[in-house]
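The entries follow in the order I made them.

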Amino acid sequence: MGIVLFSACYYDKKDLVYPQVTTTSCDTTNITYSNSITTILNTNCNNCHGATTANLSGGGIFLHTYATVKPYITNGQLVNSILQNGKASPMPKNMAKMDVCSINKIILWVNKGALNN
Ligand code: HEC
């Protein structure tokens, strides 16, 4: 009984259990392709994977429209690449991982079906 009480008390301290909730502000409400994902890809990826750049510096992989992005969602390469987990070429190429907020937004969008919304 004493242990149960102690543990209930500990888990009430949400800021200790989930420090990222209080230290990071990442707005993950209303993530859509058009309002969030395009901005992230344009900022971090499309200098190589854009309409005019992909054939020169993006390995022929275009990420500038929903239709061109979707196959890399379906085959898992886009998420694996940004997680830099060894299951796809780490992206952005020759760079550190994107910020956690941008990665989380993409994963949330993918988990909700990667809609063209
Ligand atoms: C500096 C140029 C550059 C940037 C920036 C870049 N890529 Fe790439 N990307 C490439 C090249 C080149 C390839 C072809 C495979 C390789 O060379 O690793 C590639 C391959 C890929 C692939 C295929 C993965 C595989 O295993 O073949 C995906 C998916 C991808 N990039 C996604 C992204 C995403 C998402 C971003 C932004 C977060 C990004 N890339 C940023 C150059 C880049």
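**Entry 1: Ser36.** I started with Ser36, which sits in helix α4. The model is predicted, and I read every value below as computed from it. Is Ser36 buried or exposed? Its relative accessibility is 11%, so Ser36 counts as buried, the cut-off for that class being under 20%. I then looked for partners of the side chain. It makes a polar contact with the side chain of Asn35, at 2.4 Å. Next I set aside the neighbours of Ser36 within four places in sequence and asked which residues it still touches. I found Asn30 and Ile31 in contact with Ser36.

**Entry 2: Asn30.** I located Asn30 in the loop between α3 (19–23) and α4 (33–44). What is its phi? I noted a value near 55 degrees, which is positive although the residue is not glycine. For accessibility I got a relative area of 64%, so Asn30 is exposed; the class begins over 50%.

**Entry 3: Ala114.** I checked another non-glycine residue with positive phi, Ala114, where the angle is near 50 degrees. Where does Ala114 lie? I placed it in the segment after α9. Its relative accessibility is 2%, and therefore I list Ala114 as buried. My notes thus hold an exposed Asn30 and a buried Ala114, each with positive phi.

**Entry 4: Pro92.** I turned to the peptide bonds. Which residue is joined to Pro92 by a cis peptide bond? I found Met91 there, with omega about -5 degrees. Pro92 belongs to the loop between α8 (77–83) and α9 (100–111).

**Entry 5: the whole protein.** I finished with the totals. How many helices and strands does the protein have? I counted nine helices and zero strands, so the order of elements from the N terminus is α-α-α-α-α-α-α-α-α. Of the 117 residues, 32% are buried. I also looked at contacts between residues at least 6 apart in sequence, and 42% of these join residues at least 24 apart.

Methods:
Residues are numbered from 1 along each chain as its sequence is written. This is a predicted model: local features need pLDDT of at least 70, side-chain atom pairs count only at pLDDT 80 or more; totals for chains, interfaces and linings use all residues. Side-chain values use heavy atoms; hydrogens and water are left out. Helices (H or I, at least four residues) and strands (E, at least two) are DSSP runs, numbered from the N terminus. Buried means under 20% relative accessible area, exposed over 50%, partly exposed in between (1.4 Å probe, protein chains only). Contact means heavy atoms within 4.5 Å. A polar contact is a pair of N or O atoms within 3.5 Å; within protein, one must be able to donate a hydrogen and the other to accept it, and residues adjacent in sequence count only if both atoms are side-chain atoms.
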